Amino acid sequence: MNYHQPYWNPILETLPPEALRQLQLKKFQRIFHWAYTHSKFHRALYRSAGVAPEDIRALEDIRRVPTVEKSMMRQIQGKDPYPHGDALCVPLDDVTVFRQTSGTTGQPVYQPDTWHDWEWWAECWCYILWSQGYRPNDRVFIPFGYNVFVAFWAGHYAAEKLGCEVVGRSDDITKVKGVLLAPSAIEEVVRGIKGLGDEYEVVVDKTGDAETIRLRVEVLPEAQDQCTWIRSELQDQLRLKTNLRYGLEICGCGSLPRYEVKAKRFKDLRNKKSE
Amino acid sequence: MPPVIDMNRLHLNTRSARSAVEEFKRLGEDFPAVARNAERMLASLKMIEISISDVMDLEDLEKGKTHD
């Protein structure tokens, strides 16, 4: 394969504008027809706007097609069959991936996808990555939480498709007091302060509407006289690295739990209370 | 100099590949390892069809044998 080829797709990316418009129209006609004939929700939406597949004859006709708002998605996803309502355009058997939006503007919007959808989405990202210069011998780090949130999964798959070595982050980002927190940032601070032992414990909790975050650390015997400095340094560094204020508890060496297998140093008690 | 790409040949190969993979799917009805892998192959093949066959169907490119 020619790594110097500047285009991921030398055909589509160099199409004359008129041919590109023809292709866009053809693709829109195809997808609109598909949605109209396979999804009860989409058909009802388009009928209410008085537009049918045979009405799409030119690109300008696309203006007649109503857009699907997030609020509509949230509404239909509350209907049977849960959680997709009547929006699916394929049989449920074809749905292989379930993701959702982040929920920053309200209830997350569910996103059911087929394997074909993800192939297509990764393909789209391949155009981006290739044009930015990513090539099969590159190593790609994706600082993303790797959870049910839909974002960046396609970037991950695209980098794999290109042949890159993909490295993802291993910790779980969570939100505390409205701030995104990577538990590894706390570990980094604790490990960077002289006089502290290896063990530490973080507890996130909730009382009423107020969230709290507490950090317990062990001070080494030889640093017992530096507790005031350690406390101040911890508070400053944590504030700087994580933008949060912690309840600090400085304990004697050996007082925190030890683990025989994988240590559980970050404890989130918020969900446990609501269960 | 831009690369010469034989679109007709790619188009024909895409068609025969689809036919072969769909045959895999049919034959694999009682063979999940064949049927499901064929399903994934179809998804990958679709991406090649998007790049090749869809463009070949465009009126103004139909007569051209190569793209350069």
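Colleague: Which residues of the largest nonpolar core touch the most other members?

Modeller: In this predicted model, they are A:I186, A:V189, A:V190, A:L196, A:V202, A:L215 and A:V217, out of 14 residues in that core. The elements that contribute two or more residues to this core are helix 6 (183-191), strand 7 (196-207), strand 8 (210-219) and helix 7 (227-242) of chain A.

Colleague: What makes this set of residues a nonpolar core?

Modeller: Its members are buried residues of nonpolar types, joined through C-beta atoms within 7 Å. Burial here requires 20 or more other C-beta atoms within 10 Å. A:V217 illustrates the joining: leaving aside residues up to four places away in sequence, A:V217 touches A:V190, A:L196, A:Y200, A:I250 and A:C251. Another core, of eleven residues, lies apart from the largest one and includes A:W125, A:C126, A:Y134 and A:L162.

Colleague: Why are helix 4 of chain A and helix 5 of chain A called roughly perpendicular?

Modeller: Helix 4 (residues 115-131) and helix 5 (residues 153-162) of chain A pack at an angle of about 70°, and their axes are 8 Å apart. The term roughly perpendicular covers angles from 65 to 115 degrees. The pair is therefore described as roughly perpendicular.

Colleague: Which residues of helix 4 of chain A meet helix 5 of chain A?

Modeller: Helix 4 of chain A contributes A:W118, A:W121, A:A122, A:C124, A:W125, A:C126, A:L129 and A:W130.

Colleague: How do you know that the peptide bond joining A:D80 and A:P81 is cis, and what is its omega?

Modeller: Omega of that bond is about -10°, and the bond is cis. The bond from A:Y82 to A:P83 is also cis, with omega near 0°. A:P81 is placed in the loop between helix 3 (70-76) and strand 1 (97-100) of chain A, and A:P83 is likewise in the loop between helix 3 and strand 1 of chain A. In general, most peptide bonds are trans.

Colleague: What is the phi of A:F152, and is that value positive or negative?

Modeller: Phi of A:F152 is near 70°, a positive value in a residue other than glycine. A:N243 also has a positive phi, near 60°. Most residues other than glycine have a negative phi. A:F152 is in the loop between strand 3 (139-142) and helix 5 of chain A, whereas A:N243 is in the loop between helix 7 and strand 9 (247-252) of chain A.

Colleague: Why does A:F152 count as partly exposed?

Modeller: A:F152 has 16 C-beta neighbours inside 10 Å. A residue is buried at 20 or more and exposed at 12 or fewer. The count for A:F152 falls between these limits, so A:F152 is partly exposed. By the same test A:N243, with 14 other C-beta atoms within 10 Å, is partly exposed.

Colleague: How many residues of chain B are in contact with chain A?

Modeller: There are 15 residues of chain B in contact with twelve residues of chain A. Helix 2 (32-51), helix 3 (53-56) and helix 4 (59-62) of chain B each give two or more residues to that side. Helix 2 of chain B supplies the largest share, seven residues. By class, the side of chain B that touches chain A has seven nonpolar, three polar and five charged residues. For the complex, the predictor reports an ipTM of 0.81 and a pTM of 0.69.

Colleague: Which element of chain B has the lowest mean pLDDT?

Modeller: Helix 4 of chain B has the lowest, at 51, while helix 1 (residues 7-27) of chain B has the highest, at 95. Over residues 64-68 of chain B pLDDT stays under 50, and the model has ten contacts beyond four places in sequence for them. Where pLDDT is low, the predicted coordinates should not be read in detail. Chain B as a whole has a mean pLDDT of 84, with 82% of its residues at 70 or more. For chain A the mean is 90, and 96% of its residues reach 70 or more.

Colleague: What pattern does chain B follow along the sequence?

Modeller: The pattern is α-α-α-α, in keeping with four helices and zero strands. Buried residues account for 7% of the 68 residues in chain B.

Terms used. Residues are numbered from 1 along each chain as its sequence is written. Chains are lettered from A and ligands numbered from 1 in the order in which they are written. This is a predicted model: local features need pLDDT of at least 70, side-chain atom pairs count only at pLDDT 80 or more; totals for chains, interfaces and linings use all residues. Axes are lines fitted to C-alpha atoms, for helices over the stretch in contact, and angles run from 0 to 180 degrees between N-to-C directions. Angles under 35 degrees count as roughly parallel, over 145 as roughly antiparallel, 65 to 115 as roughly perpendicular and the rest as oblique. Two residues are in contact if their C-beta atoms, placed from the backbone, lie within 7 Å. Ala, Val, Leu, Ile, Met, Phe, Trp, Tyr, Cys and Pro count as nonpolar, Asp, Glu, Lys and Arg as charged, and the others, Gly among them, as polar. pLDDT is the predictor's confidence in each residue, from 0 to 100.
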